[in-house]
Amino acid sequence: MVRFSNNVIGLLNFLTFLLSIPILVAGVWLSKQGATECERWLEKPVIALGVFLMLVSLAGLVGACCRVSWLLWLYLLVMFVLIVLLFAFTIFAFVVTNKGAGEVVSNRGYKEYRLGDYSNWLQKRVNNTKTWNRIRSCLQSGKVCTEFQSKFLNDTVTEFYSENLSALQSGCCKPAEECQFSYVNPTTWTKPTNVTNQSNPDCDAWNNDPTVLCFNCQSCKAGLLQNLKTDWKRVAVVNIVFLVFLIIVYSIGCCAFRNNRRENWKGYSR
């Protein structure tokens, strides 16, 4: 039983080490094959994650199985920092995604989204020109509106207005309702000539060009934040489960560290 905790930590870190290999390979592959801005942006975090998992798992594996106390101490320190950071991120995710929701539009199957409804921190991120240019490139290369156009191409105006659009489709691929544009097809709209003094800047930002559409609109940024809000809340829930798992592993690791010190002390006393 004395060595049980060491064996458990060794096994868990061996599995983590195996997991780090495909993650690292995926990051290297993205750096070689990435053709879009999104893929090139992902390569560094993926490689960093792979290297981090590999080094930490090796420290835990060698520390537990070979009774190298200083490596196991380093492993526990990293685990403690990871638990604190994960806890902080979980709280932060719930706080910054607490505000914002789609607005129901009368006689429409979809909702519309306004940037001002979301937290100031999130607004600042998407209002940064450099950041938004990268995100916009991702949305364009991801063919969000191309697939939207293909899916609803044969819709009549009545059918289109009853569709249940995603936040990105509603915000980035069509003009806002208050612009009062006339429907031609999902990504082609006719601007009215008798409407003046439109308060919504998205009305001027809209363009029927498939590479432009409403990618520069505030509603597109709001649609992205709505997606981010949904995703972050899911991640936060998963993080809670992961935190419990990490705390259990950390506790077992502390037992293994104590076992190492006891074994080392016995060795010195002989």
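In this predicted model, a disulfide connects Cys 214 with Cys 217, the distance from S to S being 1.8 Å. The angle about the S-S bond of Cys 214 and Cys 217 is -90°, and the link is left-handed. With a relative accessible area of 0%, Cys 214 is buried, and Cys 217, for which the relative accessible area is also 0%, is buried as well. A disulfide is a covalent bond between the sulfur atoms of two cysteines. The count of such bonds in the model comes to 4 disulfides, and two further pairs are described here in turn.

Cys 172 is joined to Cys 220 by a disulfide with an S to S distance of 2.0 Å. The torsion about the S-S bond of Cys 172 and Cys 220 is about 90°, so this disulfide is right-handed. Because Cys 172 lies in helix 8 (residues 167-172) and Cys 220 in helix 10 (residues 218-269), the pair ties together parts that are 48 residues apart in sequence. Cys 172 counts as buried, at 0% relative accessibility, and Cys 220 is likewise buried, with a relative accessible area of 0%.

In the disulfide formed by Cys 179 and Cys 203, the sulfur atoms are 2.0 Å apart. The link of Cys 179 and Cys 203 is left-handed, with -95° about the S-S bond. Distant parts of the chain are linked by this pair, since Cys 179 is found in the loop between helix 8 and strand 3 (182-185), whereas Cys 203 belongs to helix 9 (residues 202-205), 24 residues apart. Cys 179 and Cys 203 are both buried.

Cys 65 counts as partly exposed, at 41% relative accessibility. Cys 255 is in no disulfide either, the nearest cysteine sulfur, that of Cys 254, being 7.0 Å away. With a relative accessible area of 29%, Cys 255 is partly exposed.

The surroundings of Cys 172 were examined next. Leaving aside residues up to four places away in sequence, Cys 172 touches Leu 139, Cys 145, Leu 213, Cys 214, Phe 215 and Cys 220. Cys 172 is also one of the residues with the most contacts inside the largest nonpolar core, which has 35 residues; the others named for their contacts are Trp 132, Leu 139, Phe 160, Trp 189 and Phe 215. Two or more residues of this core come from each of helix 4 (120-127), helix 5, helix 6, helix 7, helix 8 and helix 10.

An α-helix has 3.6 residues a turn, so residues three or four places apart point the same way.

Terms used:
Residues are numbered from 1 along each chain as its sequence is written. This is a predicted model: local features need pLDDT of at least 70, side-chain atom pairs count only at pLDDT 80 or more; totals for chains, interfaces and linings use all residues. Side-chain values use heavy atoms; hydrogens and water are left out. A disulfide is a pair of cysteine sulfur atoms within 2.5 Å. Helices (H or I, at least four residues) and strands (E, at least two) are DSSP runs, numbered from the N terminus. Buried means under 20% relative accessible area, exposed over 50%, partly exposed in between (1.4 Å probe, protein chains only). A nonpolar core is a set of buried Ala, Val, Leu, Ile, Met, Phe, Trp, Tyr and Cys residues joined through side-chain atoms within 4.5 Å. Contact means heavy atoms within 4.5 Å.
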